[in-house]
Amino acid sequence: MRHYSGFSEIRRRTILKSLIWRIIGVIWTWIGAYFIILIVPPTWKNAAVIATLIVIYHHSTRMVMYYFYERLWISISWGRYDSEQGSFQVMSMHDKLIWIIGSSVGIGVIFFLIFYVAPLIKKLTA
């Protein structure tokens, strides 16, 4: 259990939030870097330019994404302490459905990147 800012949450909630944020970050950065590499003209293609564009893309978009990510988590009661009931909230059926759909989409995106997009990159760079 973790206490801060007037409420507490179970460790599973904190771990899950962290893992999901990492997965979102890896996918988002990979997609952005891929498109930056495709879009940058050949005369600009050097490590410093590519790295700078990726950093600008990554930090400017992730700040906005994190705001909405946290707002979404505030709306999920699972794993937070309910002071009225004196206990931690269990996951509702609605939350379970959202998790199943979200997990399925996330796994689908990862497999799409690995099995469809990665071979395309190999063809383009070969």
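## About the model

Residues are numbered from 1 along each chain as its sequence is written. The model is a predicted one, so local features need pLDDT of at least 70 and side-chain atom pairs count only at pLDDT 80 or more, while totals for chains, interfaces and linings use all residues; side-chain values use heavy atoms, with hydrogens and water left out.

## The overall layout

The chain has three helices and four strands, where helices (H or I, at least four residues) and strands (E, at least two) are DSSP runs numbered from the N terminus. Reading from the N terminus on, the elements follow the order β-β-α-α-β-β-α.

Of the 126 residues in the chain, 24% are buried. Here buried means under 20% relative accessible area, exposed means over 50%, and partly exposed lies in between (1.4 Å probe, protein chains only).

## The largest pocket

Rolling a probe the size of a water molecule over the atoms shows where empty space is left. On a 1 Å grid over the protein atoms alone, a pocket is an open set of points where a 1.4 Å probe fits, with protein on both sides within 12 Å along at least five of seven lines; lining residues have an atom within 4 Å of a point. The largest pocket has a volume of about 560 Å³, a volume being the space filled by probe spheres set on the points, which are joined across faces, edges and corners.

Which residues lie nearest the centre of the largest pocket? They are Ile20, Ile24, Gly102, Ser103 and Gly106, out of a lining of 18 residues. Helices α1 (11-39), α2 (47-74) and α3 (93-125) each supply at least two residues of this lining, and α3 gives the most, with nine. By type, the lining divides into 15 nonpolar residues, three polar and no charged. In this count Ala, Val, Leu, Ile, Met, Phe, Trp, Tyr, Cys and Pro are nonpolar, Asp, Glu, Lys and Arg are charged, and the others, Gly among them, are polar.

## Aromatic rings

A pair of aromatic rings is described by the distance of the centres and the angle of the planes. Rings of Phe, Tyr and Trp (its six-membered ring) pair if their centres lie within 6.5 Å; planes under 30 degrees apart count as stacked, over 60 as edge-to-face and the rest as tilted. The structure holds 10 aromatic pairs. In one of them, the ring centres of Trp21 and Tyr66 are 5.1 Å apart and the planes meet at 70°, so the pair is edge-to-face. This pair links distant parts of the chain, with Trp21 in helix α1 and Tyr66 in helix α2, 45 residues apart. Trp21 is buried at 13% relative accessibility, whereas Tyr66 is partly exposed at 39%.

Another edge-to-face pair is Tyr34 and Phe35, with centres 5.5 Å apart and planes at 70°. Tyr34 is buried at 17%, and Phe35 is partly exposed at 44%. Trp21 and Tyr66 also belong to one aromatic cluster with Tyr69 and Trp73.

## Charged pairs

Side chains of opposite charge can pair when their charged atoms come close. A salt bridge is a side-chain nitrogen of Lys or Arg within 4 Å of a carboxyl oxygen of Asp or Glu, and the count comes to two. One joins Glu9 and Arg13 (3.0 Å, N to O), and both of these residues are buried.

The other joins Glu70 and Lys17 (3.8 Å, N to O). Glu70 in helix α2 and Lys17 in helix α1 are 53 residues apart, so this pair links distant parts of the chain. Glu70 is partly exposed at 22% relative accessible area, while Lys17 is buried at 12%.

## Two residues of helix α2

Met65 is found in helix α2 and counts as partly exposed at 21% relative accessibility. Leaving out residues up to four places away in sequence, Met65 touches Trp21, Ile24 and Trp28. Met65 and Ile24 are 41 residues apart in sequence and 9.5 Å apart in space, C-alpha to C-alpha.

Ile50 also has its place in helix α2, and is buried with a relative accessible area of 14%.

Terms used
Contact = heavy atoms within 4.5 Å.
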